[in-house]
Amino acid sequence: MLKHIVFMKFKPGTNGDDIKDIEKGLAGLPDRIPEIKRYEFGRDILRSDRSYDFALLSEFEDQEAMKRYQVHPYHFAVLNKINTVCENIIVVDFN
């Protein structure tokens with residue numbers, strides 16, 4: 001299994017409605033994209049100086065499955081929302 005972890009730092013002034021919109025979009029992806037084997041996400045609760053604001057953990061059968069997910073139109077729609085509110089995004093992919 002390939003694990004895909006994403007950390008997001010929101011722009012100052014990002015409001016709760018924007019974040020709820022992202023959460024709603026992310027929640028719908030596993031039902032629409034069969035390549036997703038595991039999908040978890042959530043907001044940071046500690047809010048330390050080192051913390052990012054939001055994290056996503058997903059798993060795919062292999063790298064090819066993740067590539068199909070990344071170009072899927074539903075993923076693009078959510079990613080566009082994410083890109084409008086994030087000042088930084090960090091990704092780690094590992095087996």
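Serine 58 belongs to strand β3, which covers residues 54-60; helices (H or I, at least four residues) and strands (E, at least two) are DSSP runs, numbered from the N terminus. The model is a predicted one, in which local features need pLDDT of at least 70 and side-chain atom pairs count only at pLDDT 80 or more, while totals for chains, interfaces and linings use all residues. Residues are numbered from 1 along each chain as its sequence is written, and side-chain values use heavy atoms, with hydrogens and water left out.

The relative accessibility of serine 58 is 0%, so the residue counts as buried (buried means under 20% relative accessible area, exposed over 50% and partly exposed in between, with a 1.4 Å probe and protein chains only). With neighbours within four places in sequence left aside, serine 58 is in contact with Leu2, Lys3, His4, Arg38 and Tyr39, contact being heavy atoms within 4.5 Å.

The largest pocket holds about 170 Å³ of space. Of its 15 lining residues, His4, Val6, Leu56, His75 and Leu79 are the closest to the centre. Grid points are joined across faces, edges and corners, and the volume is the space filled by probe spheres set on the points. At least two lining residues come from each of β1 (2-10), α1 (16-32), α2 (63-70), α3 (73-85) and β4 (86-94). The largest contribution to this lining is that of α3, with four residues. By class, the lining has 12 nonpolar, three polar and no charged residues; Ala, Val, Leu, Ile, Met, Phe, Trp, Tyr, Cys and Pro count as nonpolar, Asp, Glu, Lys and Arg as charged, and the others, Gly among them, as polar.

Five salt bridges are present in the structure, each defined by a side-chain nitrogen of Lys or Arg within 4 Å of a carboxyl oxygen of Asp or Glu. One of them joins the side chains of glutamate 23 and arginine 43 (2.9 Å, N to O). This pair links distant parts of the chain, with glutamate 23 in helix α1 and arginine 43 in strand β2 (residues 36-43), 20 residues apart. Arginine 43 is partly exposed, at a relative accessible area of 36%. Glutamate 35 and arginine 68 also meet in a salt bridge (3.0 Å, N to O). Here the loop between α1 and β2, which holds glutamate 35, is linked to arginine 68 in helix α2, 33 residues apart. Glutamate 35 is buried, with a relative accessible area of 17%, whereas arginine 68 is partly exposed, at 43%.

The structure also holds five aromatic pairs. Phenylalanine 10 and phenylalanine 54 form a tilted pair, 6.1 Å centre to centre with 55° between the planes. Rings of Phe, Tyr and Trp (its six-membered ring) pair if their centres lie within 6.5 Å, and planes under 30 degrees apart count as stacked, over 60 as edge-to-face and the rest as tilted. Both phenylalanine 10 and phenylalanine 54 are buried.

Note on methods. 1 Å grid on protein atoms, 1.4 Å probe; cavity = no way out; pocket = protein on both sides within 12 Å on 5 of 7 lines; lining within 4 Å.
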